Amino acid sequence: MKRDPLAILARLERQTLDARRGAMVEAQGRQDRLRGRAARDKAAWSEAVEQAVTAEAELDLWGALSRGTRHVLDRALAERDAQATELAEARAALQASLVELKRLDVLTERRRQRDHAARALRERIELDDLAILRHRREKGG
């Protein structure tokens, strides 16, 4: 049995598409977690700054704590931004797979239409030949 190369390519592209969808969902989940972490770190930094301003006796302690939490916040924001690039790349790859799969579907449909038209033409030619033979027999007999 002959295998259709377009069907094979479409199946492979669907597998790639599924893998890319999974990667995008995973990247979106990481982005959401990083966004939450950045919000928590920002809240901790804001609290540390507020404590540093209001607590005269422990100004050095709260000042150091606010610098430390700001460092953690900056790192979380940088990680979130870097991961946003990964998410954008995953979306672009997913879009490319969708476009390729659509292209393969269109090619498959065009091939199906051509095959159908060719089959209809062959049938019409055969019917015409049969009609001609029948007409000759009736005329000659």
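Q: How far apart along helix H1 are Arg35 and Asp32, in helical turns?
A: This is a predicted model, where local features need pLDDT of at least 70, side-chain atom pairs count only at pLDDT 80 or more, and totals for chains, interfaces and linings use all residues. Residues are numbered from 1 along each chain as its sequence is written, and side-chain values use heavy atoms, with hydrogens and water left out. Helices here are DSSP runs of H or I with at least four residues (strands: E, at least two), numbered from the N terminus. Because Arg35 and Asp32 are three residues apart in helix H1, their separation is about one helical turn.

Q: How far apart are the closest N and O atoms of Arg35 and Asp32?
A: The two residues form a salt bridge. That term means a side-chain nitrogen of Lys or Arg within 4 Å of a carboxyl oxygen of Asp or Glu. For Arg35 and Asp32 the closest N and O atoms are separated by 3.1 Å.

Q: Is Arg35 buried, partly exposed or exposed?
A: Buried means under 20% relative accessible area, exposed over 50%, and partly exposed in between (1.4 Å probe, protein chains only). Asp32, at 40%, is partly exposed. Arg35 has 41% relative accessibility, so its class is partly exposed.

Q: Which residue forms a salt bridge with Arg111?
A: The closest N and O atoms of this pair are 2.2 Å apart. The pair links distant parts of the chain, 107 residues apart: Arg111 sits in helix H2, its partner in the segment before H1. Arg111 is partly exposed at 28%, and the partner is Asp4.

Q: What is the N to O distance between the side chains of Arg134 and Glu138?
A: Both residues lie in helix H2, four residues apart, which means about one helical turn between them. Arg134 is exposed at 54%, and Glu138 is exposed at 54%. Their side chains meet in a salt bridge with an N to O distance of 3.3 Å.

Q: How many salt bridges does the structure hold?
A: Among them is the pair Arg134 and Glu138. Arg35 and Asp32 form another such pair. The structure's salt bridges number 12.

Q: Which side chain of opposite charge is nearest to Glu13?
A: Glu13 belongs to helix H1, residues 5-54. Lys and Arg count as positive, Asp and Glu as negative; His and the chain ends are not counted. Glu13 is buried but has no salt bridge. At 4.7 Å, the nearest side chain of opposite charge is Arg20.

Q: With which side chain does the side chain of Glu13 make a polar contact?
A: A polar contact is a pair of N or O atoms within 3.5 Å; within protein, one must be able to donate a hydrogen and the other to accept it, and residues adjacent in sequence count only if both atoms are side-chain atoms. Here the distance is 3.1 Å. The partner is Ser97.

Q: What is the relative accessible area of Ser97?
A: Ser97 is in helix H2. Beyond neighbours within four places in sequence, Ser97 is in contact (heavy atoms within 4.5 Å) with Glu13, Thr16, Leu17 and Arg20. Ser97 counts as buried because its relative accessible area is 0%.
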